[in-house]
Amino acid sequence: MINIQDIMKCLPHRYPMLLVDRIIDVVPGKTCTGLKNVTANEAFFQGHYPGMPIMPGVLIVEAMAQAGAVIILSDPAHEGKVPVIGSIEHVKFRHPVTPGDQLISKLELLWFRSGVGKMKGEACVNGNVAATLELTFKLIERPEP
């Protein structure tokens, strides 16, 4: 299990764009399972369907991508690099994500060559699939803060 402090060492994201609270499981170079506790205090809920808050789909995709980044960044050979999204394909939103939910993102690395790779993943809430996707990414040098 990887906690939030270790995630922040790995990923360059910070509040409000850090969308992974914990990594439940990782098999370096293969799979990763990340968890996001969705709370009513999230800033986006104030403007996204007030009175009927739903997590924006683009943020579900970003949460999945951040969890998937841990697959690549768990390899010591990629220290000092960060994966950036190149394309997002076959995205399907199947179940709304609302305050109080735990979003569980499961990603699998399909292939990785010459700094470019492809993953597939799904995000679930209470066993219901909330979203599925495939994404392509490229490793770049991590920018200095």
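**Figure 1. Overall fold of the predicted model.** Helices (H or I, at least four residues) and strands (E, at least two) are DSSP runs, numbered from the N terminus. This is a predicted model, in which local features need pLDDT of at least 70 and side-chain atom pairs count only at pLDDT 80 or more, whereas totals for chains, interfaces and linings use all residues. Residues are numbered from 1 along each chain as its sequence is written, and side-chain values use heavy atoms, with hydrogens and water left out. The protein has two helices and six strands, which follow the order α-β-β-α-β-β-β-β from the N terminus. Its radius of gyration, taken over C-alpha atoms, is 15 Å, close to the 15 Å given by the globule rule for 145 residues, so the protein is as compact as a globular protein of that length; that rule is 2.2 Å times the number of residues to the power 0.38.

**Figure 2. The largest nonpolar core.** A nonpolar core is a set of buried Ala, Val, Leu, Ile, Met, Phe, Trp, Tyr and Cys residues joined through side-chain atoms within 4.5 Å, where buried means under 20% relative accessible area, exposed over 50% and partly exposed in between (1.4 Å probe, protein chains only). In the largest such core, which holds 37 residues, those that touch the most other members are Met55, Ile60, Met64, Val97, Leu103 and Met119. Two or more residues each are given to this core by helix 1 (4–10), helix 2 (57–73), strand 4 (102–113), strand 5 (116–125) and strand 6 (128–141), and the largest share, twelve residues, comes from helix 2. In soluble globular proteins, nonpolar side chains tend to be buried together.

**Figure 3. Surroundings of Leu103.** With contact meaning heavy atoms within 4.5 Å, and with residues up to four places away in sequence not counted, Leu103 touches residues including Gly34, Leu35, Met55, Ile60, Val97, Cys124 and Ala130.

Figure 4. The bond from Tyr15 to Pro16 is cis, with omega near 5 degrees, and Pro16 lies in the loop between helix 1 and strand 1 (22–27).

Figure 5. Most residues other than glycine have a negative phi, and most peptide bonds are trans. Ser114, in the loop between strand 4 and strand 5, has a positive phi near 50 degrees and counts as exposed at 76% relative accessibility. Asn126, in the loop between strand 5 and strand 6, likewise has a positive phi near 50 degrees, and its relative accessibility of 70% makes Asn126 count as exposed.
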